[in-house]
Amino acid sequence: MKTKLYAGVAAVALTAGAVQAEQITVFGPWLGPDQENVEKVLAAFAEASGHDVRYTGSDSFEQQILIDAEAGSAPNVSVFPQPGLASDMASRGFLTPLRDGTDDWLRENYAAGQSWVDLGTYANDNGEDGLYGFFYKVDVKSLVWYIPENFEDAGYEVPETMEELKALTDQIVADGETPWCIGLGSGGATGWPATDWVEDMMLRTQPPEVYDAWVSNEMPFDAPEVVAAIEEFGAFARNDDYVAGGAGAVATTDFRDSPKGMFASPPQCYMHRQASFIPAFFPEGTEVGEDVDFFYFPAYAEKDLGSPVLGAGTLWAITNENEAAHELIAFLQTPEAHEIWMGLGGFLTPHTGVDLAAFSDPTLGKMNEILLGATTFRFDASDLMPGGVGAGSFWTGMVDYAGGKDAGEVASAIQSSWDSLK
């Protein structure tokens with residue numbers, strides 16, 4: 001009932017707005033195919049509203065939007081690749097709060113709705129909290145990849161809890177095989193795949209508010225809860241029996257090469273935890289859903305923390321207010337705005353009112369079911385931390401940990417690096 005009510009409100013707003021058409025500028029990070037896709041969504045909004053909608057994309061979005069805002073020439077709506085920059089701009093008075101009721105709409109119509117309200121709520125230049133960000137287009141990281149034929153041949157079943165995943169890991173070892181392929185290598189970014197593991201483990205061992213306190217450093221990086229999550233990763237990555245090539249190979253194996261062991265004959269490993277983009281590095285011709293598949297990286301049944309999902313996503317915020325900007329945010333609340341991009345590919349949504357048949361790719365539809373099943377969604381922590389930590393000491397610290405250094409020592413070193421940035 002509420003879904004229909006809010007959708008009706010959005011439709012009325014669009015109809016009313018068409019009486020006084022405005023020009024609306026949208027600035028974001030998308031170029032190439034993604035730019036073509038978002039322009040199709042915006043064309044539907046233009047047709048529904050009568051507004052003149054113009055999108056500009058840039059690979060220097062983060063730098064340019066600050067320059068434009070400080071010069072007083074910001075676009076009407078900006079698409080932020082992550083919440084940190086949006087939060088900073090809100091604190092400087094550069095963002096306009098979304099219309100009253102948007103938070104209620106999110107709670108009613110997005111899976112894990114409160115999570116999306118939390119992720120889009122920031123303090124303004126007076127220190128007052130408001131909802132500034134509307135998330136649209138999301139990515140999922142809490143995935144484990146496997147080859148169904150390998151599981152079938154060995155008699156393994158997809159685990160539904162972390163307890164079952166750990167039991168399966170031990171069973172594979174008992175059968176004389178290796179359960180996991182893990183690689184942290186990524187050139188100058190070596191170590192980042194481990195940060196995703198730790199983030200997922202934080203969400204599976206601690207309530208979301210503890211995760212948030214860790215991200216903001218209200219809780220220090222070397223707190224027992226964080227050290228325990230690092231050690232949860234280590235239980236998989238630092239066990240020679242669990243990892244292809246042994247624990248010593250984890251830090252030196254390139255993340256792009258690490259899943260290839262699943263495709264060997266006989267298999268060098270049976271599972272690989274990685275985000276939705278990893279099929280790009282599978283052997284040529286591999287079909288997801290047939291040759292390889294995935295399952296949700298499960299939560300602990302005994303901890304009763306629901307079904308947390310780690311991911312990323314883009315948020316839309318008003319950086320130069322006009323009525324058309326508010327109408328665009330209202331349009332993004334309609335199923336149509338999501339279903340258009342669902343049919344084009346490369347798009348996931350927490351909107352519970354969409355028709356999942358609109359997905360052009362059944363693989364994306366299955367990933368989206370994981371997103372819709374989330375009770376908590378949290379953004380990649382390293383992307384929200386200061387660059388010197390999230391894209392620096394956290395990465396290198398995980399390499400040190402994978403190499404055998406104590407988790408507490410590693411966490412303390414990361415905290416020291418954070419302190420030095422304050």
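Student: Which residues does His 272 touch, not counting residues up to four places away in sequence?

Tutor: Keep in mind that this is a predicted model. The residues that His 272 touches are Leu 143, Val 144, Trp 145, Trp 180, Cys 181, Ser 258, Pro 259, Met 262 and Ile 278. His 272 itself lies in strand 8.

Student: Is His 272 buried or exposed?

Tutor: Buried means under 20% relative accessible area. His 272 has 2% relative accessibility, so it counts as buried. Its side chain also has a polar atom 2.8 Å from the backbone oxygen of Cys 181, and Cys 181 is among the residues that His 272 touches.

Student: Now the strands. How many bridges join strand 1 to strand 2?

Tutor: Six bridges link strand 1, residues 23-28, with strand 2, residues 52-57, and the two run parallel. To place them against each other, find Ile 24, which stands opposite Val 53 in strand 2.

Student: In what sense do strand 1 and strand 3 pair?

Tutor: Strand 3, residues 77-80, pairs with strand 1 in the parallel sense, over two bridges. Here the pair to look for is Val 26 opposite Val 77 in strand 3.

Student: What about helices? Which residues of helix 5 are buried?

Tutor: In helix 5, residues 102-109, the buried residues are Thr 102, Trp 105, Leu 106 and Asn 109. Seen down the axis of helix 5, they fall within an arc of 100 degrees, so they line one face of the helix.

Student: And backbone angles: what should I expect of them?

Tutor: Most residues other than glycine have a negative phi, and most peptide bonds are trans. Against that background, look at Ala 112, which has a positive phi of about 55 degrees. Ala 112 lies in the loop between helix 5 and helix 6, and is buried, with a relative accessible area of 13%.

Student: Where is Asn 217 found?

Tutor: Asn 217 is in the loop between helix 10 and helix 11. Asn 217 has a positive phi of about 70 degrees although it is not a glycine, and at 9% relative accessibility it counts as buried.

Student: Which residues does a cis peptide bond join?

Tutor: Look at Ser 265 and Pro 266, where omega is about 0 degrees. Pro 266 sits in the loop between helix 11 and strand 8, and strand 8 is where His 272 lies.

Technical notes:
Residues are numbered from 1 along each chain as its sequence is written. This is a predicted model: local features need pLDDT of at least 70, side-chain atom pairs count only at pLDDT 80 or more; totals for chains, interfaces and linings use all residues. Side-chain values use heavy atoms; hydrogens and water are left out. Buried means under 20% relative accessible area, exposed over 50%, partly exposed in between (1.4 Å probe, protein chains only). Helices (H or I, at least four residues) and strands (E, at least two) are DSSP runs, numbered from the N terminus. The arc is that of the directions from the helix axis to the C-beta atoms. Two strands pair if DSSP finds at least two bridges between them. A polar contact is a pair of N or O atoms within 3.5 Å; within protein, one must be able to donate a hydrogen and the other to accept it, and residues adjacent in sequence count only if both atoms are side-chain atoms. Contact means heavy atoms within 4.5 Å.
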